[in-house]
Amino acid sequence: MTLPAPHGQLDLWLPPDAEVSLRFLGRAPAWSRVPLDRVTLRQRADELVAFGSPALRLRSLAIHVRRRVDVRLDPSGQHRGVSEATMHWALLLEPERTARALAAAAARSRFPPWTAELLDELARRDDVRRSLPSRRLMRLAPQGRFTDLRPLFQEGIGLLPELNGHSPLRIGWGRRPPAGPRRRAIRLGSARLTENSIVIHPALDDPGVPLWVTGQVVFHELCHFAAPPLDEVTASVAGEHRLHHRAFRALEERYPRLDDARRWIADNLTFLLSR
Ligand SMILES: [Zn+2]
């Protein structure tokens, strides 16, 4: 990752007796998972403010602990020459870079492109990921209208001794999407690695879908836990797909009717898309 060279001294500005009100949004249980205590967070926020620039006069800074690592500069205050910022707590791990991003956003009313890299980098840190609240999961119900996912799930786990010792996984049917324009693609399953859960598309919960097809989708998602994604550098050095890399595909081949299932899905795509 490349970052622009640090701004020169001239650009660093210590706001004169700046009074920035700092607010912490969210409830105590969510904050209890954040590895920095309040005092440290306040210090980091002070650092951030101290890195401000003439373009950025922060009036208030709201820190949240939601799932998404993001940062926002509220434009409403800007015509009065002051701004309000709302950001994920993880940004306080990088007060200087965050201050530069905010200053650029205040001056040009948009965040510089490298802000996305900063957010991405922070979102991937282990300590940040551990602090994220679990997605308010739709109750993960494995029993559908027609198909119970549990036997397929257990069969799949049985084929993957690599999962021995893995934290327990959960599986359930996804929500039925609201009726809308015809879909052009469908994601039959998704593996939520940070939540140890698998969600299967309800289009498969249909008596017309053979169990070995749904079983293959379940197995594919289980393989994502048994052969986790490569990091970007490893994948690009090895010329591998980050998710569906060689080790992943080798595991996936264990499914007895893999080819049949793939063919069935390809042949019945129109049906699945209409569900
Ligand atoms: Zn996949």
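Visitor: How many bridges join β6 to β7, and do they run parallel or antiparallel?
Guide: This is a predicted model, and in it β6 and β7 run antiparallel, joined by 4 bridges.

Visitor: Which residue in β7 stands opposite Gly189?
Guide: That's Ile200.

Visitor: OK, and what's the strand order in that sheet?
Guide: β5-β7-β6, in an open sheet of 3 strands with mixed pairing. β5 (170-173) and β6 stand at the edges with a single partner strand each, so one side of each has no neighbour in the sheet. From one strand to the next, the twist averages 15 degrees.

Visitor: Which helix packs on the sheet?
Guide: Helix α7, residues 211-226. Helix α7 touches β5, β6 and β7, and its direction makes about 25 degrees with that of β6.

Visitor: Is Asn196 buried or exposed, or something in between?
Guide: Partly exposed: Asn196 has 14 other C-beta atoms within 10 Å. The cut-offs here are 20 or more for buried and 12 or fewer for exposed, so a count of 14 puts Asn196 in between.

Visitor: New topic. Where is Arg246 found?
Guide: In helix α9, which spans residues 246-252. Arg246 counts as exposed because it has 11 other C-beta atoms within 10 Å.

Visitor: How far apart are the C-alpha atoms of Arg246 and Ala227?
Guide: They're separated by 9.4 Å, and the two residues are 19 apart along the chain.

Visitor: Let's zoom out. How many helices and strands are in the chain?
Guide: 11 helices and 7 strands. The chain has 275 residues, and 27% of them count as buried.

Visitor: What share of the contacts joins residues at least 24 apart?
Guide: 71%, taken among contacts between residues at least 6 apart in sequence.

Visitor: And what pLDDT does the chain average?
Guide: 84, with 87% of the residues scoring at least 70. Over residues 1-17, though, the pLDDT is below 50. That stretch has 15 contacts in the model beyond near neighbours in sequence.

Terms used: Residues are numbered from 1 along each chain as its sequence is written. This is a predicted model: local features need pLDDT of at least 70, side-chain atom pairs count only at pLDDT 80 or more; totals for chains, interfaces and linings use all residues. Helices (H or I, at least four residues) and strands (E, at least two) are DSSP runs, numbered from the N terminus. Two residues are in contact if their C-beta atoms, placed from the backbone, lie within 7 Å. pLDDT is the predictor's confidence in each residue, from 0 to 100. Two strands pair if DSSP finds at least two bridges between them. Axes are lines fitted to C-alpha atoms, for helices over the stretch in contact, and angles run from 0 to 180 degrees between N-to-C directions.
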